[in-house]
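The following questions and answers work through one structure, moving between individual pairings and the chain as a whole. Please keep the coordinates open while reading.

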Amino acid sequence: MVHGLELHSYWDDARRYCYQTTRKHGWYILDVYDTGPTWGPVETSAGITVRFPPIATRFIRYAKGRSDKNNGIHWAKIRVYGKDLKLLNLNSAKAILGPFEWANPQHAGGFIDGITERDSWAGAPTIGTNYTDTCGSPDNVPYITVDIGKVARLDAITLFKWWNDVGNATETYRRYCNQRLQLSIDGENWQTVLNTGASWWASESSGGNTVQFRPALARYVRHYLGRNTDNEYVHFIEMKAYGEYRNELDLSQSTVQLEAGKTWSLQHTGGLFDGDISQFAYKKSVGAASVSCTNPAWVTVELPHLAILDSVTLFHYYHDGRAYCNQWVELSTDGSTWQKVYSTGQGYGFSETALGYTIQFEPMDAMFVRHGLGGSDASVANDNHFTEKKMNGRYVKELPLDWANVELSSNVQWPTGILPQRVIDGLNSCDKWAEHAWIDRTPTTPTNTCATNFPQESDLPYLTVDLGRPAMLEAVRVWFYYCTAGRNST
Ligand SMILES: [Ca+2]
Ligand SMILES: [Ca+2]
C-alpha cells in the first residue's frame, strides 16, 4: 500500500523541471502527479512530496522533462511511503461456481485453497472442451463467486491461472480474455474493478496477476474468466485477497447522552452495549415515549477515543417485525459539527430483524455517533426502543511522545515558570496551569477581543512539538484551559 512519494532532483540552483508525471503508460492505471508542460515546484534538498489516497502498487514510473536552467534531466532519489500488503485469511470463505458445465465441480474449493502451482489445475475449477468462447460475448463467461463470510476491507486481489513458460507461435506467455473482477458488500450490488472486455489481459506467470483498485469494503468477490491464447480451456487456479477484516469496536467505555426535552421512559444506557437483543432486552435499555414520525428522539454515543468508523449497526425492538420512521445517523469528531450518513426522512425504514440494520460508509473520523429514531408502525404504543448498537472500525492509536520536545515561539514574551514539556506529559490538571504554556496579553491590549489582542497572525504565540522522528499522523487532540466553564479560544 503506497500513499506518498518524495521526488528528489538536482536542486542546488533552485531549478524547476517541467513534464514531471506518473501518468499512465500502457497498463499503468494511476496518475498521482503530473505537472504537464508547466514548471513544477522549485527544487530543494527536501525534494517534492506527493500525497495520494492509499493504493496497492508494485511499479512506480516517474518521467520528467528539462529544467529551467539547462537541458539536463536529473533524478537524484525517490522515497516511497506506505506499508506492505496483508494477506487476508480465507479459511472461512466459500467458492461458489457459476452456472456452467465445469469439468470438476467438486473442486470449487481449489480456487481458495492456497495452492497456486500450475500443476494443481486438476484440483481447481476448470472449464474443458465443452466451452467454445472466442473472447466474444461477455454474457457467456464462466465465473466464480467467493463469499469471504464477512465484510472486509480489500486492498488488492491476485488471480492465478494456468500459465506456460515455453511460449507458443503467437504469444510468449499465455494470456486470458473476458476477465472481470467485481466486489460486493451484499451480493447484489457490484463494483467492477477490472474489465478486460474481449482483449487479452496481462501475461500469466507463477506469481499471478494483481488487480489494483482503491481499498473497498466487500464480502463477495466475483471473477469472470474467458478462454486463453493457447486453447479454449478456462483454468481458475487461485485467488488471494489482501486487506483486513472489519474490527468491531469495544463500546463498553462509551458514554451516552439522551436528547433533552424528550420523555425517556427507559434510561438504562449500559443496555445499548450489553449484546442482549432478546425480546425483553428493551426493558433494560433505552426508549422514549410519545415519539412519532414528526417527533423523533436521539441518542448520542461518545466513544472513549477518536475512531475511524466504517459502519454502524442499529438494533431496535424487532420481535413483531415492526418498522420505525424518521431514523438518521450522524457522526462528529467534536460533538458540534455533524455529518449525516443515514436518513429515512419522515418515512419508515427497514422491517426490524435480529440482524439489526447496518449502515456502511467510507471510513470516517468520529468520536460521537448520534442516532435519531421516530415512532414505529406497531399498534401497541407510540414509543421507541434502542436495544443495541455495534460499530466497526478502529480506534486511532495514540502516538508515544517520548522522543518529542516542545518549543515555545520567540515572537512573544512568555511568563517565567513555564515547563514546556508539561504540554505533552499526559496530565492536564487545572492546578498546574501556570506550568503549562500560557500567556496573558491583557496589559498591552485594553480591549479584550481577538481582533485587538492579536491583530496579525504573526503576533500569535505558538508552540511547536518536534516528534523527534517522522510519523504518520491521523489526528491531533488539544486541551486548552478548561477549568472555568464557558470559555472559548480562537
Ligand atoms: Ca488453488
Ligand atoms: Ca442491549
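Q: Which residue is the bridge partner of valine 146 in S9?
A: In this predicted model, strand S6 (residues 143–161) and strand S9 (residues 209–224) pair in the antiparallel sense over 12 bridges. Within that pairing, the bridge partner of valine 146 in S9 is valine 221.

Q: Which residue in S10 is the bridge partner of lysine 161?
A: S6 also pairs with strand S10 (residues 234–245), in the antiparallel sense and over 9 bridges. Strands of a sheet pair through backbone hydrogen bonds, either parallel or antiparallel. In S10, the residue that partners lysine 161 is phenylalanine 236.

Q: Which residue in S6 stands opposite leucine 97?
A: Strand S4 (residues 94–97) runs antiparallel to S6 and is joined to strand S6 by 4 bridges. Leucine 97 in this pairing stands opposite isoleucine 144.

Q: Which residues does alanine 218 touch, not counting residues up to four places away in sequence?
A: Alanine 218 is one of the residues that touch the most other members of the largest nonpolar core. Not counting residues up to four places away in sequence, the residues touched by alanine 218 are Val151, Ala152, Leu154, Leu183, Ser184 and Ile185.

Q: Is serine 203 buried, exposed or partly exposed?
A: Serine 203 is placed in the loop between strand S8 (191–195) and S9, and beyond its neighbours within four places in sequence it is in contact with Tyr173 and Arg175. A residue counts as buried with 20 or more other C-beta atoms within 10 Å of its own and as exposed with 12 or fewer. Because serine 203 has 15 other C-beta atoms within 10 Å, it is partly exposed.

Q: In what order do the 3 strands of the open sheet lie?
A: Strand S1 (residues 2–8) is joined to S2 by 5 bridges, the two running antiparallel, and valine 2 stands opposite isoleucine 55 in S2. The pairing in this open sheet of 3 strands is antiparallel, and its edge strands, each pairing on one side only, are strand S2 (48–55) and strand S3 (77–82). Neighbouring strands of the sheet are turned by 15° against each other on average, direction ignored. The order is S2-S1-S3.

Q: What is the separation between the centres of domain 3 and domain 4?
A: The domain assignment of the chain gives domain 1 (1–84), domain 2 (94–245), domain 3 (255–395) and domain 4 (398–490). Taken over C-alpha atoms, the centres of domain 3 and domain 4 are separated by 38 Å.

Q: What radius of gyration does the chain have?
A: The C-alpha atoms fill a box of roughly 90 × 80 × 35 Å along the principal axes. A compact globule of 490 residues would have a radius of gyration near 23 Å, but that of the chain is 29 Å.

Note on methods
Residues are numbered from 1 along each chain as its sequence is written. Chains are lettered from A and ligands numbered from 1 in the order in which they are written. This is a predicted model: local features need pLDDT of at least 70, side-chain atom pairs count only at pLDDT 80 or more; totals for chains, interfaces and linings use all residues. Two strands pair if DSSP finds at least two bridges between them. Axes are lines fitted to C-alpha atoms, for helices over the stretch in contact, and angles run from 0 to 180 degrees between N-to-C directions. Domain bounds come from an automatic or database domain assignment. Two residues are in contact if their C-beta atoms, placed from the backbone, lie within 7 Å. The radius of gyration is taken over C-alpha atoms; the globule rule is 2.2 Å times the number of residues to the power 0.38. A nonpolar core is a set of buried Ala, Val, Leu, Ile, Met, Phe, Trp, Tyr and Cys residues joined through C-beta atoms within 7 Å.
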